[in-house]
Amino acid sequence: MLSSQGSTAHPGSRGGVDQRLRRGARPATTNPHPLTTTSHPLRAAIIGGGPGGLYTAALLKRLAPDREITVYERGAPDDTFGFGVVLSDETLGGIEHADPVVYDALKAHFVRWDDIDIVHRNTRHTSQGHRFAALGRRRLLEILYDRCRDLGVDLRPRTEAPPPDRLTRTHDLVVAADGVHSATREAYREVFRPHLTPHRCRYIWLAADFAFDAFRFEIAETEHGVMQLHGYPFAPDASTVIVEMREEVWRAAGFDELDEAESIARCAKIFADALGGRPLRSNKSAWTTFRTVVNERWSHGNLVLLGDAAHTAHFSIGSGTKLAVEDALALAACLEEHPTLQEALDAYEEERRPVVASTQRAAGASLHWFEDLDRYLGQPPRQFAFNLLTRSRRVTHDNLRLRDAEFTGAVEREFGCPPGTPPMFTPFRLRGLTLRNRVVVSPMDMYSATDGVPGDFHLVHLGARALGGAGLVMTEMVCVSAEGRITPGCAGLYTGRQGEAWRRITDFVHDSAPGTAIGVQLGHSGRKGSTRLMWEGMDEPLPEGNWPLLAPSPLPYRPGSQTPRELSRAQLTEVREQFRSAAERAAGAGFDLLELHCAHGYLLSGFLSPLTNHRTDAYGGSLEKRLRFPLEVFDAVREVWPAERPMTVRISATDWAEGGTSAEEAVRIARAFAEHGADALDVSTGQVVAGERPEFGRSYQTPYADRIRHEAGVPVIAVGAISSWDDVNSLILAGRTDLCALARPHLYDPHWTLHAAAEQGYEGPGAPWPAPYRAGSRPPRTGRTDTPRPRLTLHGPRQDG
C-alpha cells in the first residue's frame, strides 16, 4: 500500500535505471553453464516467487535469452497474502521502459483515482490530486508468471529451494527474494547482519467486495482505544481494507481471543459506516505486527538480497512490492553495466541503499504517526487531515497546495492565516513578546570572542541575520563564567565589559531591524569545556592553558578528554549564582528573550541524563532528583529576568544511546520546566555522549518536539535538518511545532527568511524588507528574456507553387 506518501512523477517522467535497460542485451555466449566472475551470469537461481523475484527473472531473461533462470517458490502460483498493490508513476515508468509487455498487461488491469478521504469524528475531508494506480496482487503475480513463462524462465512453484550454499556453488548468481522472514538471510546472518525492529501496532489485511471511490482513512474512537482503517480500491468491485491499532487496544478489545472469522466480523462492525454495512473477507489473514528490516550488507559472494529480504517499509507509505520492483530494475541494470559480478552487486547496493534508507525514514515517520494517533485526536478536523497527509514529511504544504489549493486554503483559514499569508509568516506570542513570524535563527557557536567579549564579528553576524527577516535571532551559547566556556573563543556574560558589548549588538538589531527580536542563550560547558576551536579540532583538549572542568559526575566526555571534578554543594550554589548574575547582565544588555541551555551534554544537560549523572545525593538517581539542579538554576534566572520577557529551555529529548534519556522522560522534563515558568521548550537531541548513534534525516528531530507539544501542552521550537520554507510551513500548519529554528540555512543565506517570502510571493508584515534593501526584494534576472520564441516548425520539404 502506497498512500499519498510515496514518490510520484509527472506523466512521462522516467528514472535512469529503466533507460539503461533499454540499451539491449549483451550477445549471448555459447557456453550455458559456466561459473564466472563476470557480471553477466548465465545461470541464475531466484529464491522466492513473489513480484520481486519474478520480475528479476523476467528482466534477466529478457536481457539475455540464453540465460538459464530458475525461480523456486514453495507456495502455489496464486498463493498470496494481502489483496491490492499500489504503484507510483515513477515505478510504472521504470517498468514501461524496461519491459513494455509487462507494463501493458498491468495497465489493462489498473484502477485509478485521485482523492484521499479522511474521516475523523464523523467529519469527512477530501484532498484531491494525488493520482493512484492499483491492481490485485494475485493479478500482478499472474502477469509476471505469464511473462516469465513466455520468456522461458524455469518456474518451480510448490518447490522448496535447495540450500543457498548449494545454489551458490552451481549458479553464477543467486537472488534471495524470499521475503521479510527470509531463511536465506538468516542462514548468513553473520554476514548480512540484519536488524529487525518490531513495532507497537497490530494490523490485519482484509478485503471488501466493493470499490472505495477514494483512498480512505477512517478513525474509530472506541471504548478500548483508537483504531484506524486504511482502505483503497484495487479492482472495479474490490478494495483492500487494513485495520490497525496499538497492541494494548487490540488486547483490550479482545481480538487476541477471537478466531479469524470473529475478528473479521468485529472489524466490519466497528467500521460499518465506512463499509456501508458490507462484510469483510480474508485471505489467510492474521493479526500481525510490522517489523522494519535493515541489513548492514546486501550481498555475499554471488548471493544478493532483494525486496523484503533486504529491507521493509511500512505499508502506510510504500509497498514492499514497489521497492522490490525497483530493486529488480536496478540489479538488472547494474549487471549489464559492470565488468565483474562484485562490481555489479556493489553498484546495486550503492544505488539502492540511499533510496531505500530515505523511504524507510519516511515510512518510519508515518508508522510512528499512526502508532501515536491518539495524540492528534483533539486537533481541528481539517488540521488533523493535513497532519495525516503530511505525516511522512514527503508530502508537504506546497505539494498539497499544488494538488488541492482549495483544501490547503481551508486548512490555512482554520489555522488563522490571513489571506495570502503562508503559515510561517503568522505571528506568535510568548509572554509579552510577539514574534512577527515563526522563523528562529538557531544558536550557533562562532568561537570568535576575545576573553568572552563579542566584537565586530558578532555585530555583523547577528546583525546580518536580524536584517534577514527572521522573527527571532538567537546568540550562540553565552557562557556564565570563564571556566564555563567551551573554547577560548566562546562569548560570555560574566563581566560588565561583556554586557556592554552585547548591548551594542542588541541596540543595532532593535534600531536597524525593528520588529526582529534577539534572544540570548545562557549555558555552562561542564565536562565539554577547555577544548580547541571547532576548526582546530572539535572536542579536542587545548594543547596548553587548560582550565579545570566541573560536571555532575567525574566522567570525561570521550577518551583523551579531561576528567571533570564532581560539583560539590558549595560549587552548585556558586554556579547557580553565576547563571543569576549572567541573566541580570542579559536583561541590562537589552535581550528580548532568554534561553537556558540544558542540552547537548553541557553542564545542566549533564544533570538530566542518566548516562552523565551518576550522583547518589539529592541531585542524582531518579529523574526528579536529576531535574533538581537545572530547575534551581531556572528558578534563579526567572527570578531576575524581567517578568514580561519570555524564557525558553533547550533540552536534548534523546541521547541517541542505550540507557539515556527516554522520550517519555523528555516529556516529563519539559512539563517540569513549564510548571516552573518556561514559556517554550527548544527541543533538540543528542550530543550528550560521544558514542551516540543518531538517526539522521530530514527534520529528524521534529517528532520529539511534536510529542512534547501535544503531551506536555507547552509551545515548542523544532530544530534539526529543517532546511526549506516548505518544511517550516508544513510543520507549523500540521501543529507539530510552534516555531522552527534553522542554523546552517542561515549560514548559507543570512536573508533566508526574506528570500522565503519573495519565493512565495508574500509581501506582508511577517517579513518586511529593511528600507535600504527594498530594491532587492525581487530576484535579479539572470539572462535575456526578450529573445524571439520559435513560432513555426516545418515538417518535410517546403512546397512552392
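Is F696 buried or exposed? F696 is exposed, with 53% relative accessible area; the classes are buried under 20%, exposed over 50% and partly exposed in between, for a 1.4 Å probe and protein chains only.

The model is predicted, with pLDDT of at least 70 needed for local features and 80 or more for side-chain atom pairs, while totals for chains, interfaces and linings use all residues. Residues are numbered from 1 along each chain as its sequence is written, and side-chain values use heavy atoms, without hydrogens and water.

**View A. F696 and Y700 pair edge-to-face.** Rings of Phe, Tyr and Trp (its six-membered ring) pair if their centres lie within 6.5 Å; planes under 30 degrees apart are stacked, over 60 edge-to-face, the rest tilted. Here the centres are 5.3 Å apart and the planes stand at 75°, so the pair is edge-to-face. Y700 counts as buried, at 17% relative accessibility.

**View B. F83 stacks with F234.** The count of aromatic pairs comes to 27. In this one, the centres are 6.4 Å apart and the planes 25°. F83 lies in the loop between β2 (68-73) and β3 (84-86), and F234 in strand β12 (residues 225-235). Strands are DSSP runs of E, at least two residues, numbered from the N terminus. The partners are 151 residues apart. Both F83 and F234 are buried.

**View C. Ring pairs build a cluster.** Its members are W113, F132, F215, F217, Y232, W369, F370, Y376 and F384.

**View D. Arginines lie over ring faces.** The criterion is NZ of Lys or CZ of Arg within 6 Å of the ring centre and within 35 degrees of the ring normal. R628 lies over Y619, at 4.7 Å from the ring centre. R645 lies over W641, at 5.3 Å.

Note on methods. Helix = DSSP H or I, 4+ residues; strand = E, 2+ residues; numbered from the N terminus.
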